[in-house]
Amino acid sequence: MATDIKLFESKSENSWCPGCGNFGIVNALKKAFSELDLLPHNILIASGIGQAAKTPHYVNANGFNGLHGRGIPPAVGAKIANKDLRVIVTSGDGDSYGEGGNHLIHNIRRNIDITHLVHNNQIYGLTKGQGSPTTGKGHKTSMQFEGVYADEFNPIAFAISLGCSFVARSFSADKDHLSEMIKAGMEHNGYALIDILQPCVTFNKINTYKWYKDRVYYIEDDYNPYDKVEAFKKSQEWENKIPIGVIYKEDKPTFIDRIPQIKDNPPLINKKLDPKNAIKFMEEFK
Amino acid sequence: MKYNILVGGAAGQGMSTISTLLQKVLKRKGFYVFANKDYMSRVRGGHNFVQIRFGTTPITSHHPTLDAIIALDQSTIDNHINRLNNNGIIICDTDLNSEDKRVIQIPMRKLSREIKNPRVFGSIGIGALLKIFGISIDNIEPVLRKRFDKNTSQANLEAFKKGHELVESHFNINSNNEDNHIIINGNQAIALGAIAGGVTFYSAYPMTPSTSVMTYLSKKQQEAGILVEQAEDEIAAINMALGASYAGIRSMTGTSGGGFSLMVEGIGLGAVAEIPLVIVNVQRPGPATGLPTRTAQCDLDFVISASQDDFPKMVIAVRNPEDAFYQTVRALNLAEKYQIQVIILSDQYLADYNQTIKPYNFDEISIDRYLSSKDDIGEGFYKRYKFTENGISPRIIPSTIESKTVLGDSHEHNEIGFVDESIENRIAMMNKRMKRISLLKSEIQEPEYIGVENPEILLLGWGSTHGSLLEAVELLANESIKIGALIFGDIWPLPTGQLEYYGTNSKTIVNVEHNFTGQLANLIAQETGFKCDKSILRYDGRQLSGTDIYNKVKKEVL
């Protein structure tokens with residue numbers, strides 16, 4: 001069973017550069033939705049600000065295009081309000097790993113059941129080519145003229161260290177792999193972080209399609225993602241070989257499962273409201 | 001008849017338990033009670049005190065002089081003895097010393113050891129204090145049973161008796177009233193109003209003096225079937241609340257000035273994405289960390305103009321624990337009616353003072369959500385930001401209507417929510433959003449007026465000065481001074497009807513505020529051209545009492 005992929009087509013004009021890696025991600029996302037037999041009104045795509053964060057406009061589903069760095073908190077609020085919504089966060093490396101880093105840390109800790117796609121192009125696209133948290137050290141940019149001084153952020157190692165319950169990497173040019181990863185992330189109960197290698201054809205002349213294609217390889221079939229030490233070793237591979245696939249998994253209760261008043265009841269949006277329900281709380285002030 | 005008691009000690013000495021118990025006992029005995037807290041930003045040590053005023057008529061403010069002090073440490077005696085009336089009494093343990101004849105030493109700790117429960121030593125002091133005011137300790141067991149288990153209640157009761165037997169009556173006050181009040185503070189009133197008003201999600205980051213709103217809700221969340229989440233920071237708090245509200249549940253957040261500063265961008269997001277939200281700002285003096293446990297009305301300018309560009313927003317300054325409850329429910333309804341942010345302004349004084357008031361009337365309140373149905377929105381693409389005559393677009397809950405998707409967006413957008421930078425669209429969208437300001441203006445409540453019919457002196461205040469102004473006007477009117485006060489609750493948009501009426505006819509206009517520049521006076525001048533002739537301003541982190549205002553008017557205005 002699959003829903004018609006055309007249902008997810010948006011009527012918005014698109015403002016990405018021709019050849020942008022984001023197109024591959026949007027196509028894989030629609031494919032995953034269709035193959036998971038979902039309908040647009042049951043999905044929420046939330047984002048912050050950046051090129052990747054325009055995704056809610058380019059897929060027909062419920063969308064929340066919020067503030068820079070703040071893609072995750074509204075998504076979490078929406079999931080709390082309606083636990084039946086299928087919630088995706090789509091945002092870039094600047095949004096997810098830079099401006100909004102704090103939210104990433106604490107929602108991995110909550111293990112809230114959302115799927116977070118990071119369109120990681122290792123550069124700032126919207127603001128025209130400045131260094132991002134994942135830009136290579138020494139990489140000269142439109143702002144870091146002598147090259148980036150800071151060390152690169154390793155999202156995979158970071159997420160594993162926090163016990164993120166699903167950590168994967170994929171490549172925007174490999175639509176089938178990516179849509180499989182998105183499906184696996186959405187089927188997973190808990191926080192799913194998917195770091196997606198995504199070439200920026202305009203501002204990143206180092207990490208190009210070719211650069212990634214020369215390095216990516218599929219993680220071996222016999223790899224055990226539940227082994228934290230092995231996963232950490234995988235997370236260190238980068239310069240010559242870059243593994244793609246599910247790198248780490250942990251089974252644990254989701255945020256909603258930990259809270260009885262949400263877990264054991266219909267979604268909060270269906271809660272019947274009546275001021276008189278609060279009369280009993282006045283007793284203790286008597 | 002009213003009396004004033006002060007209970008003082010270092011943080012960690014059990015002062016809060018003693019003062020709470022004393023308030024509940026006085027309430028049980030049928031008295032009106034008003035108790036305000038003065039505490040330092042520390043967990044141990046320092047000097048903290050609670051002032052408890054009680055009497056046979058309603059009380060709306062604290063008072064500068066004292067009739068009795070329960071001193072748990074030496075600095076309570078040293079700091080407050082100069083406020084004690086000549087016929088006043090100080091109760092303290094035998095280990096504290098003073099030459100003053102008004103001091104009564106009782107062996108509280110020694111006697112509590114005899115009862116074999118050292119924690120009841122405070123109840124010995126309360127027992128003695130009640131005797132001093134000539135108040136019996138009959139029928140107080142229910143107060144204890146509500147708070148303690150059977151054994152502890154019994155031990156406390158014994159302690160009350162021991163204290164009661166140790167001293168002689170000194171004052172004589174009796175109440176013939178039944179105890180039919182509740183005793184509640186401003187933050188509890190907001191929190192209870194939130195539950196009554198249908199708040200289903202509250203996300204916040206702890207910040208004094210707003211934290212107790214969250215603590216109360218957190219304690220009740222399971223029973224109320226709501227969720228209270230301690231966010232990783234205030235930015236997350238407001239953005240989570242916005243996400244939950246977008247997705248269809250009533251949401252709220254609360255903080256103080258510093259946290260509000262972090263929320264400011266979120267307020268703009270709520271405005272452009274037209275997401276209803278109620279934000280509570282319990283003010284304390286700043287800038288930055290400022291005086292964390294002290295009071296101020298210093299954020300009026302800031303919250304009115306918070307976040308870039310123009311958009312409709314509403315600010316309500318709550319005036320007392322009764323008002324705080326009803327206004328919180330109203331704020332929640334208005335936020336959804338106009339799809340705007342409503343900011344509730346309170347402050348530390350109101351947050352922490354306890355007052356006996358009538359129980360809330362739940363028949364007076366309702367939850368009105370103004371959501372649209374499938375029939376309202378018609379066929380085709382759902383337009384979240386549809387142009388309408390009054391600027392309010394039909395709002396639906398995502399996922400509840402088949403094939404309709406809801407796009408919330410922080411850019412300038414078209415009716416659907418897609419980014420649109422065209423000149424025509426920008427103008428049309430700005431006009432649509434701003435139209436709701438005129439609707440809001442028809443909705444706002446005029447300030448409360450108290451005083452004589454044709455005042456020569458008009459005092460202007462807002463929020464928590466309500467109680468002090470009430471008392472001051474009464475004191476001055478008793479001396480045949482032609483005085484009145486207008487006390488604003490709704491403050492943005494500024495209601496101007498009453499102001500024009502009373503302002504035009506009075507000779508002297510005086511603004512009474514807890515900030516340096518007179519933020520209300522400036523706002524009034526900006527909106528109406530009215531200039532205040534004099535100002536009574538306090539910005540030391542402490543609240544003006546009714547007597548303080550009375551004295552200032554006599555000295556500086558008359």
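This is a predicted model: local features need pLDDT of at least 70, side-chain atom pairs count only at pLDDT 80 or more; totals for chains, interfaces and linings use all residues.

Me: On to helix packing: are helix 1 and helix 7 of chain A oblique or roughly parallel to each other?

Reply: Helix 1 (residues 21-35) and helix 7 (residues 175-187) of chain A have axes 8 Å apart, at an angle of about 50 degrees. Roughly parallel would need an angle under 35 degrees, and roughly perpendicular starts at 65. The two helices of chain A are therefore oblique.

Me: How many charged residues are there in the contact of helix 1 of chain A with helix 7 of chain A?

Reply: Helix 1 of chain A brings residues including A:Lys31 and A:Glu35, and they meet a set from helix 7 of chain A that includes A:Asp176, A:Glu180 and A:Lys183. By class, the contact of these two helices has 8 nonpolar and 3 polar residues, and the charged ones number 6.

Me: How are helix 12 and helix 15 of chain B oriented to each other?

Reply: Helix 12 (residues 321-338) and helix 15 (residues 423-443) of chain B pack at about 150 degrees, with their axes 11 Å apart. An angle over 145 counts as antiparallel in the rough sense. So helix 12 and helix 15 of chain B are roughly antiparallel.

Me: Which residues of helix 15 of chain B make that contact with helix 12 of chain B?

Reply: The helices pass in a right-handed crossing. From helix 12 of chain B come B:Arg330, B:Leu334, B:Lys337 and B:Tyr338, and on the helix 15 side the residues are B:Arg436, B:Leu439, B:Leu440 and B:Glu443.

Me: How many nonpolar residues does the contact of helix 1 of chain B with helix 4 of chain B have?

Reply: The axes of helix 1 and helix 4 (residues 121-132) of chain B come within 10 Å and cross at roughly 35 degrees. Among the residues that meet there are B:Leu22 and B:Val25 from helix 1, and B:Ile126 and B:Leu129 from helix 4. No charged residue takes part, 2 are polar, and the nonpolar count is 8.

Me: Last topic, the largest pocket: which element gives the largest share of its lining?

Reply: The largest pocket holds about 1400 Å³ of space, and B:Ser16, B:Thr20, B:Lys37, B:Asn185 and B:Gln188 are the closest to its centre among the 44 lining residues. Elements of chain B that each supply at least two residues include strand 1 (2-11), helix 5 (141-147) and helix 8 (211-224). The largest share, 7 residues, comes from helix 1 of chain B.

Me: And how many residues of that lining are polar?

Reply: By class, the lining of the largest pocket has 14 nonpolar and 10 charged residues, and the polar ones number 20.

Terms used. Residues are numbered from 1 along each chain as its sequence is written. Chains are lettered from A and ligands numbered from 1 in the order in which they are written. Side-chain values use heavy atoms; hydrogens and water are left out. Axes are lines fitted to C-alpha atoms, for helices over the stretch in contact, and angles run from 0 to 180 degrees between N-to-C directions. Helices (H or I, at least four residues) and strands (E, at least two) are DSSP runs, numbered from the N terminus. Angles under 35 degrees count as roughly parallel, over 145 as roughly antiparallel, 65 to 115 as roughly perpendicular and the rest as oblique. Contact means heavy atoms within 4.5 Å. Ala, Val, Leu, Ile, Met, Phe, Trp, Tyr, Cys and Pro count as nonpolar, Asp, Glu, Lys and Arg as charged, and the others, Gly among them, as polar. On a 1 Å grid over the protein atoms alone, a cavity is a set of points where a 1.4 Å probe fits but cannot get out, and a pocket is an open set with protein on both sides within 12 Å along at least five of seven lines; lining residues have an atom within 4 Å of a point. Grid points are joined across faces, edges and corners, and a volume is the space filled by probe spheres set on the points. A crossing is left-handed if the near helix is turned anticlockwise from the far one by less than a right angle, and right-handed if clockwise.
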